[in-house]
Amino acid sequence: MQIIETGLTFGPLQPREKTTLIVIHHSASPDVPARMIHNWHRKRGWSGIGYHFVIRKDGSIERGRPQQAVGAHAGKNYNGHSIGICLCGNFMKEKPDARQIASLKQLIIWMNQRYQSQNPAGLEIKLHREVAKISCAGELFPVQEIESFYAQANQEGGQPVEEWKNKLLQEARQAGLITEDHNPDDPAPQMVRPGRSNAFAAAFCHPEPATCHPERSEGSLKQLQSCIVVSRNK
Ligand SMILES: [Zn+2]
């Protein structure tokens, strides 16, 4: 699963203290890039796009609001502890593309792994209409399919992301080496702040020539941590 970085810039954002819920939306529009939704939401006076992820018709997943920030998609009672995922299309009139649903499933699995330590029984998943008086995500959204997929995924348990990887990513974020959370098992070159050395890029992005790539082995952890210390002291 790859998340396409969009490089959107935001007004003031708040960090999200906890994450217990995924809220699913449709865009009620044609297939549009996250950047366009970003512009729509900015015009409403918001800090930027309210969703954390946008899934295009072809199944590609675009980054919206930073994953650790409070979103603007489900109302004030839910934004503070939820991730917002928006699928492009109007599912009052059409069904989502099968590629969108496939990507949604992957994203759900990854979010569930990512926040598993806070939610041993799995994240809750709701459609927007379950938390607000609205038709989103449309009558043609395949609720049953997602529900049974998710029930089965939780039953099987899945492979949680090893905690040391998440911890390392968190440290790297705090040290300013990377700007976004990502699945430690995925490459994420765009996460690295511009101006950082290749060693840092290698450490976080590509298996080659990553002598201290955190995603490869726990044994490399020490070396990467020393990179982080060096960066902090600069
Ligand atoms: Zn919605």
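**Contacts, core and helices of the predicted model**

Apart from neighbours within four places in sequence, Cys88 is in contact with Ser27, Ser29, Asp31, Val32, Val54, Ile55, Arg56 and Lys57; two residues are in contact if their C-beta atoms, placed from the backbone, lie within 7 Å. This is a predicted model, in which local features need pLDDT of at least 70 and side-chain atom pairs count only at pLDDT 80 or more, while totals for chains, interfaces and linings use all residues. Residues are numbered from 1 along each chain as its sequence is written.

Cys88 sits in the loop between strand 5 (82-87) and helix 2 (98-114). Helices (H or I, at least four residues) and strands (E, at least two) are DSSP runs, numbered from the N terminus. Cys88 is buried because 27 other C-beta atoms lie within 10 Å. A residue is buried if 20 or more other C-beta atoms lie within 10 Å of its own, exposed if 12 or fewer, and partly exposed in between, with C-beta atoms placed from the backbone. Between Cys88 and Asp31 there are 5.1 Å in space, C-alpha to C-alpha, and 57 residues in sequence.

Two of the contacts of Cys88, Val54 and Ile55, also belong to the largest nonpolar core, where they are listed with Ile22 and Ile85 as having the most contacts inside it. That core has 30 residues; a nonpolar core is a set of buried Ala, Val, Leu, Ile, Met, Phe, Trp, Tyr and Cys residues joined through C-beta atoms within 7 Å. At least two residues of this core come from each of strand 2, helix 1, strand 3, strand 5, helix 2 and strand 6. Beyond four places in sequence, the contacts of Ile85 include Ile22, Ile24, Phe53, Ile55, Leu104 and Leu107.

Strand 2 (residues 21-26) pairs with strand 6 in the parallel sense over four bridges, where pairing requires at least two DSSP bridges between the strands. Ile24 has Leu127 of strand 6 as its bridge partner. Leu127 and Ile125 form the covered face of strand 6 (residues 124-127), and Glu124 and Lys126 the uncovered one.

The buried residues of helix 1 (residues 34-43) are Ala34, Ile37, His38 and His41. They lie on the same side of helix 1 because they cover an arc of only 110° around the axis, the arc being that of the directions from the helix axis to the C-beta atoms. These buried residues pack against strand 3 (53-55), strand 4 (61-63) and strand 5. Just after helix 1, Gly45 has a positive phi of about 90°.
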